[in-house]
Amino acid sequence: MYNIKNTIFLDLTKNQKSSLLGFLKSFVKKHSSKNTENIVELFIEDETYYYEQGVPHFEWIINEFEKEDFLKHLKIYIEECKKQLELKESRKPFLEKQKAIMKEQRQKAREFKLSKEQPTKKQLYYYDKLCKKYKLEKENTETASRLDLMRMIERIVDEHKDTEILSGRSIENLS
């Protein structure tokens, strides 16, 4: 893509070229289901319409549509944008898998960190309240980590979730 950008639209200024290429990239993404010829025609129609309405995206572009070299460069860039979109789409499953792996690694790192820390006062208080509410025997929390206490609380809440829902009370109201 970088090489193509340096070989097309050489008669435009740096700002004109940059704004045109950015706009074309989003335009192609929006109309990616169409073929290149249709995208070029649609782009020309849109720009002509907006120019006639007095709100053009590019004031200088109407004169360029008459130049065959400009249209050739336009088609080349649109083809390249479509190739880039196809490549990005083909990489999507790999990227999703990579995201899932990274999420799992972050979770493991978080759990490792929590396993080395002492439980917070809020956790201890919440655990005590849950045990009193459900009349459960308290486990020893002297040597427990934040992770251990978090799992004990989750286990209690999960076990009693069904009874809370059936009785019509929400789990958030555990006071």
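Predicted model: local features only at pLDDT ≥ 70, side-chain atom pairs only at ≥ 80, totals over all residues.
## Overall form

Let's start with the whole chain. Its secondary structure comes to 7 helices and 0 strands, so the order of elements from the N terminus is simply α-α-α-α-α-α-α.

The chain has a radius of gyration of 30 Å, whereas a compact globule of 175 residues would have one near 16 Å. Along the principal axes, the C-alpha trace spans about 85 × 35 × 25 Å. Of the 175 residues, 28% count as buried.

## A patch of positive charge

If you turn to the surface, look for the place where Lys 5, Lys 25, Lys 29, Lys 88, Lys 92 and Lys 99 gather in a patch of positive charge. Two helices, α2 (residues 14-30) and α5 (residues 68-115), each supply at least two residues of this patch. Helix α5 gives the most, with 3 residues.

Lys 99 is a handy one to pick out in the viewer. This lysine is found in helix α5, and with a relative accessible area of 55% it is exposed, because the cut-off for that label is over 50%.

## Salt bridges

Side chains of opposite charge can pair when their charged atoms come close. In this model the count comes to 7 salt bridges, and three of them are described here.

One of the bridges joins Glu 37 and Lys 75, whose closest N and O atoms are 3.3 Å apart. Glu 37 lies in helix α3 (residues 36-53) and Lys 75 in helix α5, so this pair ties together parts that are 38 residues apart in sequence. Glu 37 is partly exposed, at 39% relative accessibility, and Lys 75 is also partly exposed, at 31%.

Glu 104 counts as partly exposed at 47% relative accessibility, while Lys 108 is exposed, with a relative accessible area of 52%.

Asp 128 belongs to helix α6 (residues 121-133) and Lys 138 to the loop between α6 and α7 (residues 146-167), so the pair ties together parts that are 10 residues apart in sequence. Both partners are partly exposed: Asp 128 has a relative accessibility of 29%, and Lys 138 has a relative accessible area of 42%.

## Two positive phi angles

Phe 9 has a positive phi of about 50° although it is not a glycine. This phenylalanine lies in the loop between α1 (residues 2-7) and α2. At 1% relative accessibility Phe 9 counts as buried, because that label covers anything under 20%.

Lys 135 also has a positive phi, near 55°, and is likewise a residue other than glycine. Its place is in the loop between α6 and α7, the loop that also holds Lys 138. Whereas Phe 9 is buried, Lys 135 counts as exposed, at 74% relative accessibility.

Methods
Residues numbered from 1 in each chain as written. Heavy atoms only, no water. Patch = residues over 30% accessible without salt bridge, like charges linked within 9 Å, V, L, I, M, F, W, Y side chains within 5 Å. Areas by Shrake-Rupley, 256 points an atom, 1.4 Å probe, with all protein chains shown as cover. Salt bridge = Lys/Arg side-chain N within 4 Å of Asp/Glu carboxyl O. Lys, Arg positive; Asp, Glu negative; His and termini not counted. Charge placed at Lys NZ, Arg CZ, Asp CG, Glu CD. Helix = DSSP H or I, 4+ residues; strand = E, 2+ residues; numbered from the N terminus. Buried < 20%, exposed > 50% of the residue type's maximum accessible area, 1.4 Å probe, protein only. Rg over C-alpha atoms; globule rule 2.2 N^0.38 Å.
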